[in-house]
Amino acid sequence: MKGDRVEIVVDAGDSTRTYEVVASRAGRRVETAVRRGVVEVSEVTRSGAVVRTARFMANRVLAWVEQPVPGNEAEERPLRETPQS
């Protein structure tokens, strides 16, 4: 969804650096994968085409935070049970 965001904190030797990958348009989402010692964060379209990818060495990644877009209040409320007659 537009607005999905992933923040990555990387060890840069004497300091840390923070990077963000954000779903920039409607219908796009951000996916995270760890493969062969590499953390990949990709912005993907509805059809699955990768728009852009950020890659980081897994042993240098200190943290990553996935922040989904806040949902609709109706989605967050629990469903009410209806009495059966």
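## The three-stranded sheet

In this predicted model, an open sheet is built from 3 strands in the order β3-β4-β5, and the pairing is antiparallel. Strands here are DSSP runs of E with at least two residues, numbered from the N terminus, and two strands count as paired if DSSP finds at least two bridges between them. Because β3 (29–35) and β5 (50–57) each have a single partner strand, they stand at the edges, and one side of each is left without a neighbour in the sheet. From one strand to the next the twist averages 20°, with axes taken as lines fitted to C-alpha atoms and angles running from 0 to 180 degrees between N-to-C directions.

Strand β4 (residues 38–44) is joined to β3 by 7 bridges in the antiparallel sense, and within this pairing V30 stands opposite E43 of β4. In general, the strands of a sheet pair through backbone hydrogen bonds, in either a parallel or an antiparallel manner.

## Basis of the values

Residues are numbered from 1 along each chain as its sequence is written, and side-chain values use heavy atoms, with hydrogens and water left out. As the model is predicted, local features need pLDDT of at least 70 and side-chain atom pairs count only at pLDDT 80 or more, whereas totals for chains, interfaces and linings use all residues.

## β1 and its partners

Strand β1 (5–11) pairs antiparallel with strand β2 (residues 16–22) through 7 bridges, and D11 stands opposite T16 in β2. The hairpin of these two strands has 4 residues between them, and G13 in this hairpin takes a positive phi near 90°. β1 also pairs with strand β6 (residues 61–67), again in the antiparallel sense, over 6 bridges; in that pairing E66 of β6 is the bridge partner of V6.

Buried means under 20% relative accessible area, exposed means over 50%, and partly exposed lies in between, with a 1.4 Å probe and protein chains only.

## The nonpolar core

The largest nonpolar core has 11 residues, namely V6, I8, V10, V21, A23, V30, V39, V41, A54, F56 and V61. Such a core is a set of buried Ala, Val, Leu, Ile, Met, Phe, Trp, Tyr and Cys residues joined through side-chain atoms within 4.5 Å. β1, β4 and β5 each supply at least two of the core residues, and β1 gives the most, with 3.

Apart from neighbours within four places in sequence, V39 is in contact (heavy atoms within 4.5 Å) with T32, A33, V34, A54, R55, F56, A58, V61 and W64.

## Two buried polar residues

E40, in strand β4, counts as buried because its relative accessibility is 16%. Its side chain makes polar contacts with the side chains of R35 (2.9 Å) and R55 (3.1 Å); a polar contact is a pair of N or O atoms within 3.5 Å, where within protein one must be able to donate a hydrogen and the other to accept it, and residues adjacent in sequence count only if both atoms are side-chain atoms. Not counting residues up to four places away in sequence, E40 touches E31, T32, A33, R35, T53, A54 and R55.

T45, in the loop between β4 and β5, is buried with a relative accessible area of 17%. Leaving aside neighbours within four places in sequence, T45 is in contact with G27, R28, R29 and V51. The C-alpha atoms of T45 and A23 are separated by 9.0 Å, although these residues lie 22 residues apart along the chain.
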